Amino acid sequence: MRFDDARRHLERLPDALPSGPLTLDPEILATGAEAPAWVRRGIDGPARDAAVLVLVYPDRTGQATLVLTVRPEGDLRHAGQISFPGGAADPGDDFPEGTALREASEEVGLDPVAAGVRVVGRLELVDVRVSGFLLVPVVALAAREPVLRPDPREVAAILHVSVDHFLPQAPIEIVEAERDGWRMRYGAFPVGEHRIWGATARVLGQLGAVLGS
């Protein structure tokens, strides 16, 4: 998709946003007396506010491209997963836009002024139960490709991915995996060697639905 076409869709987000593919949602394949901790609310106290930056920019050929990150391996939350730049709200943030921009600056070195970044709206709130966050996806457009540098404490790599991977006709792989002793099935977007699933996939699925509407 050309950036100019994506921009026209994103600059006028509808009040009633289209839903992404239902196949992305996790399904528990086994039954038990109690659901696993990562699907229950209030396990570790109240949910925290968080925001991510859904940044779309034109690549060198004018194609609409997204900035995603690969989380480092190890004991960090969501280790090894694909995510957007973002994180928990801090006191004094102009939440959610200020949180998303601050986190993008800290994680990938985004300079909003140099890249000509303009916030245009929000996608639907995402309940990230595994980490206790209520996540606001903040949509922004950049006039040009941003110059980025990862903070190695939080980002193993920066991915520049065409939005075509997430449009309604894009392929979704169905994955079965075990987590905390529970067998589950969920959809994932294949992007090269990566598989994007969970909250990030849900945001991307809705973004694709908006762009394909």
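Me: What does Ile196 touch, not counting residues up to four places away in sequence?

Reply: Ile196 touches Leu68, Ile82, Phe166, Gly187, Ala188, Phe189, Val191, Ala201 and Leu204, where contact means heavy atoms within 4.5 Å. This is a predicted model, in which local features need pLDDT of at least 70 and side-chain atom pairs count only at pLDDT 80 or more, while totals for chains, interfaces and linings use all residues. Residues are numbered from 1 along each chain as its sequence is written, and side-chain values use heavy atoms, with hydrogens and water left out.

Me: Which residues touch the most other members of the largest nonpolar core?

Reply: Leu10, Leu68, Phe166, Ile196 and Leu204 do, in a core of 40 residues. A nonpolar core is a set of buried Ala, Val, Leu, Ile, Met, Phe, Trp, Tyr and Cys residues joined through side-chain atoms within 4.5 Å. Buried means under 20% relative accessible area, exposed over 50%, and partly exposed in between, with a 1.4 Å probe and protein chains only.

Me: Which elements supply at least two residues each?

Reply: Among them are helix H1 (3–10), strand E3 (64–70), strand E11 (182–191) and helix H4 (198–211). Helices (H or I, at least four residues) and strands (E, at least two) are DSSP runs, numbered from the N terminus. The largest share, seven residues, comes from H4.

Me: OK, H1 and H4. At what angle do they pack?

Reply: About 100°, with their axes 9 Å apart. Axes are lines fitted to C-alpha atoms, for helices over the stretch in contact, and angles run from 0 to 180 degrees between N-to-C directions. H1 and H4 are therefore roughly perpendicular to each other, a label for angles of 65 to 115 degrees.

Me: Which residues meet there?

Reply: Ala6, His9 and Leu10 in H1 meet Leu207, Val210 and Leu211 in H4.

Me: And which residues of H1 are buried?

Reply: Phe3, Ala6 and Leu10. They cover an arc of only 60° around the axis, so they are on the same side of H1; the arc is that of the directions from the helix axis to the C-beta atoms.

Me: Switching to Gly187: buried or exposed?

Reply: Gly187 is buried, with a relative accessible area of 0%. Gly187 is found in strand E11. Gly187 and Pro21 are 166 residues apart in sequence and 8.8 Å apart in space, C-alpha to C-alpha.

Me: Last one, where is Gln206?

Reply: In helix H4. Gln206 is buried at a relative accessible area of 6%.

How values were computed: Angles under 35 degrees count as roughly parallel, over 145 as roughly antiparallel, 65 to 115 as roughly perpendicular and the rest as oblique.
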